[in-house]
Amino acid sequence: TLFLDSIIGFWDVQKKQAADKCGQGVMHVGLSVTDVNNWYKEEQEQQTGFGQSKAEPPSLISADGIHPNAKCYSRWGSFLGNRIADELVGVEESNYQ
């Protein structure tokens with residue numbers, strides 16, 4: 001996974017650089033491993049709140065094992081919306097790190 005993490009990190013840097021070159025009206029919204037882990041924790045808490053066993057890990061990945069499922073797209077959409085709204089009202093990105 002170290003190799004994969006390196007590739008993903010490189011890809012994220014490229015996306016940020018491309019967004020920065022575009023200037024005003026284009027924004028890079030980073031998504032960290034911590035953000036995704038928090039989504040899984042929240043899903044687990046929701047499942048156990050409805051009487052499901054902790055042995056059933058939540059999934060945010062579709063049946064193909066690669067792409068996000070509807071729950072993940074929902075969380076991602078909320079995440080993006082919140083970040084964009086924060087940018088519009090001037091919240092510093094450092095608040096998220």
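**Entry 1: the overall picture**

I started with burial: of the 97 residues in the protein chain, 14% count as buried. I keep in mind that this is a predicted model. Next I looked up the secondary structure and found three helices and zero strands, so the pattern read along the sequence is α-α-α. The accessible surface of the chain comes to about 7,500 Å², and carbon and sulfur atoms hold 59% of that. I also checked contacts between residues at least 6 apart in sequence: 34% of them join residues at least 24 apart.

**Entry 2: aromatic pairs**

How many aromatic pairs does a search of the whole structure find? I got two. Trp 39 and Phe 79 make an edge-to-face pair, with 6.0 Å centre to centre and 75° between the planes. Trp 39 sits in helix H2 (residues 33-49) and Phe 79 in helix H3 (residues 70-89), so this pair ties together parts that are 40 residues apart in sequence. I looked up burial for both, and Trp 39 and Phe 79 are each buried.

The other pair I noted is Tyr 73 with Trp 76, which is stacked, at 6.0 Å centre to centre and 20° between the planes. Both residues lie in helix H3, three residues apart, about one turn of the helix. Tyr 73 counts as partly exposed at 45% relative accessibility, and Trp 76 is likewise partly exposed, at 33%.

Is Glu 43 buried or exposed? I find it buried, with a relative accessible area of 5%. Its place is in helix H2. Leaving out residues up to four places away in sequence, I see Glu 43 touching Pro 58, Leu 60, Lys 71 and Arg 75.

**Entry 3: salt bridges**

My count of salt bridges comes to five. One of them joins Lys 16 and Asp 20, whose closest N and O atoms are 3.3 Å apart. Both partners lie in helix H1 (residues 2-22), four residues apart, about one turn of the helix. Lys 16 is partly exposed, at 38% relative accessible area.

I then moved to Arg 75, which forms a salt bridge with Glu 42, the closest N and O atoms being 2.4 Å apart. This pair links distant parts of the chain, with Arg 75 in helix H3 and Glu 42 in helix H2, 33 residues apart. Arg 75 is buried, with a relative accessible area of 15%, while Glu 42 counts as partly exposed at 35%.

Back at Glu 43, I found a salt bridge with Lys 71, the closest N and O atoms being 3.5 Å apart. Glu 43 is in helix H2 and Lys 71 in helix H3, so the pair ties together parts 28 residues apart in sequence. Lys 71 counts as partly exposed, at 42% relative accessibility. Which residues do shared partners join into one network? I noted Glu 42, Glu 43, Lys 71 and Arg 75.

**Entry 4: a surface patch and the cysteines**

On the surface I marked a nonpolar patch of Met 27, Ile 84, Leu 88 and Val 89, with about 410 Å² of accessible area together. Leu 88 is found in helix H3 and is exposed, with a relative accessible area of 71%.

Last, I checked for disulfides and found zero. Cys 22 counts as exposed at 52% relative accessibility, whereas Cys 72 is buried at 11%.

Note on methods:
Residues are numbered from 1 along each chain as its sequence is written. This is a predicted model: local features need pLDDT of at least 70, side-chain atom pairs count only at pLDDT 80 or more; totals for chains, interfaces and linings use all residues. Side-chain values use heavy atoms; hydrogens and water are left out. Helices (H or I, at least four residues) and strands (E, at least two) are DSSP runs, numbered from the N terminus. Buried means under 20% relative accessible area, exposed over 50%, partly exposed in between (1.4 Å probe, protein chains only). Contact means heavy atoms within 4.5 Å. Accessible areas come from the Shrake-Rupley method with a 1.4 Å probe; for residues, only the protein chains shown count as cover. Rings of Phe, Tyr and Trp (its six-membered ring) pair if their centres lie within 6.5 Å; planes under 30 degrees apart count as stacked, over 60 as edge-to-face and the rest as tilted. Patches are made of residues with over 30% relative accessible area and no salt bridge: like charges are joined within 9 Å, nonpolar side chains (Val, Leu, Ile, Met, Phe, Trp, Tyr) within 5 Å. A salt bridge is a side-chain nitrogen of Lys or Arg within 4 Å of a carboxyl oxygen of Asp or Glu. A disulfide is a pair of cysteine sulfur atoms within 2.5 Å.
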